Amino acid sequence: MRRSKYLHYPNLLHRRKIRQNIILFLLSVCIWVLCGVYLTLRKEEHTLAMQQDLAEQVVRFHVLAASNSASDQALKLLVKNAVLEYMSEPLARCENAAEALEILDTHTHDILRVAKSVIEENGYSYSVTAKIEEVYFPVKSYGDVTFPAGVYTAYRIIIGEGKGNNWWCVLYPPLCFIDITHGIVPEESKAQLRALLTAEEYMAITDGYPSLLFDETEDPKEVYLRFRFLQFLNP
């Protein structure tokens, strides 16, 4: 019996070693996951700070159609074109976002007149409103410039009930006035952006930054953490 007892020791030691290895492996996985979470949160925090600083330097433009019918969507673009043409000269004289917002606010009565004129000329009787609001925008590219998702100050024009697809751009600096079909923002507009932003911010929106993690179609209520290396943890 005594000999049999000693014969069990190697098996016991082997099982104990296996348990220790499993525990060490699980601890390693936990540390790996926690490090991934920490690094992701730090990156998200940095991206959010950069987006918030960028948002203070620009003014977005948002036009909402009455509905998604082809005619209402076409009317939206006509209103957008007329307002941009009317505001191109006043906004060209702005030196910062605050000044652009002030000019937009003082010109709101005339902007509404221009918009209503276009609506009536095209045989519609929709109401139209215009106001400055804080609006969430997804990741959006204008030519070769990309803005990260986040809340921005925007000048919004709402046609009718505003239930149709929207159109957006950047009023200041004047990225609305470029030919997007060519996919390139003029150097003059880029020079204005470069003067307003830090070197990192400018490089982020013009060269594509790896921390712009939000897809263009995402809703802000449905944004999840994504892991670059631990992809099996992604939702």
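By how many degrees does α3 bend at Y86, and which proline follows within four residues? The views below come from a predicted model, where local features need pLDDT of at least 70, side-chain atom pairs count only at pLDDT 80 or more, and totals for chains, interfaces and linings use all residues. Residues are numbered from 1 along each chain as its sequence is written, and side-chain values use heavy atoms, with hydrogens and water left out.

**View 1. The bend in helix α3.** The answer is about 35 degrees, with P90 as the proline; the bend is the angle between axes fitted to the seven residues ending at a position and the seven starting there. Helix α3 runs over residues 70–92 and spans 32 Å from first C-alpha to last, close to the 33 Å expected at 1.5 Å a residue (that is, 1.5 Å times one less than the number of residues). Helices here are DSSP runs of H or I, at least four residues, and strands are runs of E, at least two, numbered from the N terminus.

**View 2. What covers α3.** Buried residues of α3 include L75, V79, L84, M87 and P90; buried means under 20% relative accessible area, exposed over 50%, partly exposed in between, with a 1.4 Å probe and protein chains only. Among the elements covering the buried residues are β1 (59–64), α4 (97–106) and β5 (150–159), with contact meaning heavy atoms within 4.5 Å.

**View 3. Y152 in strand β5.** Y152 sits in β5 and counts as buried because its relative accessibility is 0%. Leaving out residues up to four places away in sequence, Y152 touches Q51, L54, R60 and F147, among others. Q52 lies 100 residues from Y152 in sequence, yet 8.0 Å away in space, C-alpha to C-alpha.
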